[in-house]
Amino acid sequence: MGIRIVIADDQAMVRAGLRMVVESDPGMEVVGEAADGREAVAVSRRTRPDIVLMDISMPRLDGLSAARELLDTPSPPKVITLTTFDTDENLYAALRAGTSGFLLKVSPPEQLLEAIRVVHAGDALLDPAVTSRVIATFAGREEPKPPPALGELTPRELEVLRLLARGLTNAEIARELYVGEATVKTHVARVLMKLSLRDRAQAVVFAYESGVVRPGAG
């Protein structure tokens with residue numbers, strides 16, 4: 001089966017354009033469309049897609065609120081937020097909502113298709129370095145409170161989380177720790193499982209907001 005996708009945008013022409021791009025890939029299928037956030041939630045619950053392409057600015061229920069509602073259900077879809085505005089505030093809000101990706105509407109078609117593949121494979125769409133920059137800016141505004149879940153991590157897993165939050169890839173973490181890349185993948189998977197996080201983007205958010213890393217730290 002191909003990757004099942006729901007497109008949520010209040011502009012019919014944008015939805016049509018996104019559908020055309022998505023369906024140009026034989027491994028992808030559009031299973032539903034929505035013109036507002038409330039409809040996006042209803043359509044997604046009915047069709048159970050793998051991924052929802054969610055516009056941030058929509059009537060009735062905005063895209064971030066719709067994403068939070070969808071992601072707060074058992075076996076939720078992955079959400080890629082779409083926006084016209086490339087601002088740190090939008091990016092941070094999308095990450096805090098638990099989305100797995102953030103893409104500008106002006107991005108080229110091939111970037112959209114690659115984003116869908118990356119997120120479907122279980123990775124975060126954003127470059128970790130960009131993500132950590134944004135999180136450092138906003139998470140540093142309040143004194144972090146380490147959650148009890150941190151105690152579940154082993155010293156090595158905590159080290160992996162710190163490196164992940166600094167924007168390192170699995171290969172870079174492997175070189176830093178002098179271990180194999182497969183070992184790093186295992187550690188990352190355990191960190192996500194123990195902290196109940198969906199992907200690397202959420203792990204970066206968690207690391208900054210819990211004080212595992214501090215803004216400005218190397």
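Visitor: What should I know about the numbering and the model before we start?
Guide: Residues are numbered from 1 along each chain as its sequence is written, and side-chain values use heavy atoms, with hydrogens and water left out. The model is predicted, so local features need pLDDT of at least 70 and side-chain atom pairs count only at pLDDT 80 or more, while totals for chains, interfaces and linings use all residues.

Visitor: Which residue does the "modified residue" annotation cover?
Guide: The unreviewed UniProt entry places "modified residue: 4-aspartylphosphate" on Asp55; positions follow the numbering used here, feature names are shortened, and annotations may be inferred rather than shown by experiment.

Visitor: Is Asp55 buried or exposed?
Guide: Asp55 is buried, with a relative accessible area of 3%, where buried means under 20%, exposed over 50% and partly exposed in between, using a 1.4 Å probe and protein chains only.

Visitor: And what does Asp55 touch?
Guide: Leaving out residues up to four places away in sequence, Asp55 touches Ala8, Asp9, Asp10, Gly63, Leu82 and Lys105, contact meaning heavy atoms within 4.5 Å.

Visitor: Switching to the sheet, in what order do the strands come?
Guide: Five strands form an open sheet in the order β2-β1-β3-β4-β5, with parallel pairing; strands are DSSP runs (E, at least two residues; helices are H or I, at least four), numbered from the N terminus, and two strands pair if DSSP finds at least two bridges between them. The edge strands, β2 (28-34) and β5 (101-104), each pair on one side only.

Visitor: Where does Asp55 sit in that?
Guide: Asp55 lies in strand β3, residues 51-55.
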